[in-house]
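Please keep the structure open while reading.

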Amino acid sequence: MTYDIHIVGGGLAGSEAAWQCAEAGFKVRLSEMRGSGDTTPAHHTDDLAELVCSNSFRSDDADSNAVGLLHQELRALGSLILREGDRHRVPAGSALAVDRDGFSAGVTAAVAAHPNITVVRERIDALPDTPAIIATGPLTAPGLSERIAAETGRDSLAFFDAIAPIVHRDSIDMETAWFQSRWNKGEGTDYINCPLDKDQYHAFVAALIDGEKTEYREWENVPYFEGCMPIEVMAERGPETLRFGPMKGVGLDDPRTGRWPYACVQLRQDNALGTLWNIVGFQTKLKHAEQVRLFRTIPGLENAEFARLGGLHRNTFLRSPELLDETLRLRSRPNIRFAGQITGCEGYIESASIGLLAGRFAIAELRGETLAPPPVETALGALLSHITGGAEADSYQPMNVNFGLFPPIPGRTKKADRKKMYTDRARSALAEWLAA
Ligand SMILES: Cc1cc2nc3c(=O)[nH]c(=O)nc-3n(C[C@H](O)[C@H](O)[C@H](O)COP(=O)(O)OP(=O)(O)OC[C@H]3O[C@@H](n4cnc5c(N)ncnc54)[C@H](O)[C@@H]3O)c2cc1C
């Protein structure tokens, strides 16, 4: 089989990169190990672009949120991931959440049907000698991880992310729980809310702290990510932490009391049918039996049936600021680009974004052209700049896109106006980049 570029890993980043290259007319070999007898500790299907945890692509607000802005930029650049995300949207207030199976099936079908893409179900254990994009994600198979570590001369860092549980809708007691989005945003009824009074909340927090954890001691010092922090680790930070985090009751009117509850557990729709709901922010490393016991103490979830329980997984990423150039090429082997979470971005959309950019940089190179990176004023450019040059290699940590990665707005500005200024500036910068 002849091809112009070899893409390894059919996740969010690899599927997007393959799509970009194929749409530009280049022949792509897309190697994905799932479907060949291999899998990762977090994937459950053989579909491309499987969402391993939450079904949310987070905020879709392009005026005041950096990830919403990233969505908008991806749409402007013909992203397959956003196209399928939009097609498989489920209600989630101002967030873009998707039916996870429909979404992944949509990406798989589009990629498989593209005349320029050949999907090969195979595990790759060596670094290719041909033009290639490695997008094997945080759970890269061990053989390839070892090759990458040997090539880069440094061990990739590893830490653990945690997965939130999913509950069958018909097992939730709607006499206690009710439908409502915080502050009635979106459709106003996008979440299921389970209220806790003061005693129930503090008993729950104490039980979380006492609960039996998976290999707790071994991973005690894991540098968890703020956005995916296990619920019990949050509980250990202080008795009020959860009440000001995923269990806050503000903006939610309990129909039984007419008041905001002391604390509240929210569930968000997880599939188009509305039969599965995930417990928002409840990523956990508690043992499975302990999760069932504890989460059934939440009012409304006394009889909850769990479609999936939370868990712990490895996350591998490169010291990209040191190892990659500004177009994501491995300095020591420039025929290879990296994309997705393995570069040290964090999140589905960020991974897809870096896949899109790796694809576009590869296209330019295959054409004998150069493509300037997107301006740092754009969400794409800010994220790329964090990966390839924004941080000290030794203290480099994965990052979601956020306004902290953007160059500050010059001069004195009112805080209330700043987000809109960032997003307006980004839109002009992207338009100029696209025109050039
Ligand atoms: C447990 C866990 C939970 C997460 N939860 C969230 C979340 O809720 N929200 C969020 O935004 N982000 C989450 N992330 C982070 C991140 O967004 C996802 O991991 C995302 O899928 C990364 O995209 P990717 O394309 O880089 O990697 P992946 O989507 O993992 O794709 C990599 C692909 O490469 C394949 N592969 C690996 N090694 C090889 C090999 N040697 N040969 C061939 N194929 C190979 C894998 O099978 C996989 O299909 C989570 C990560 C983990 C690990």
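Predicted model: local features only at pLDDT ≥ 70, side-chain atom pairs only at ≥ 80, totals over all residues.

**Ligand shell**

The ligand is surrounded by 36 residues, and E32, R34, Q341, G347 and Y348 are the closest of these. By type, the shell holds 14 nonpolar, 15 polar and seven charged residues. Domain 1 (5-156 + 318-435) and domain 2 (162-314) each contribute at least three residues to the shell. Among secondary structure elements, at least two shell residues come from each of the helices α1 (12-23) and α10 (348-366), and likewise from each of the strands β2 (28-32), β8 (157-163) and β15 (311-317).

| Residue | Protein atom | Distance to a ligand oxygen |
|---|---|---|
| A13 | polar backbone atom | 2.9 Å |
| R34 | N or O atom in the side chain | 2.8 Å |
| S351 | N or O atom in the side chain | 3.4 Å |

On its own the ligand has 970 Å² of accessible area, and the protein covers 97% of that area.

**L144**

L144 sits in helix α5, which spans residues 142-152. Is L144 buried or exposed? L144 has a relative accessible area of 1%, so it counts as buried, the cut-off being under 20%. Beyond its neighbours within four places in sequence, L144 is in contact with V8, I124, D125, A126, L127, I134 and T136. P128 is 16 residues from L144 along the chain, and their C-alpha atoms are 11 Å apart.

How values were computed: Residues numbered from 1 in each chain as written. Heavy atoms only, no water. Near = heavy atom within 4 Å. Polar contact = N/O pair within 3.5 Å; in protein donor to acceptor, adjacent residues only side chain to side chain. Areas by Shrake-Rupley, 256 points an atom, 1.4 Å probe, with all protein chains shown as cover. Helix = DSSP H or I, 4+ residues; strand = E, 2+ residues; numbered from the N terminus. Nonpolar A, V, L, I, M, F, W, Y, C, P; charged D, E, K, R; others polar. Domains from an automatic or database assignment. Buried < 20%, exposed > 50% of the residue type's maximum accessible area, 1.4 Å probe, protein only. Contact = heavy atoms within 4.5 Å.
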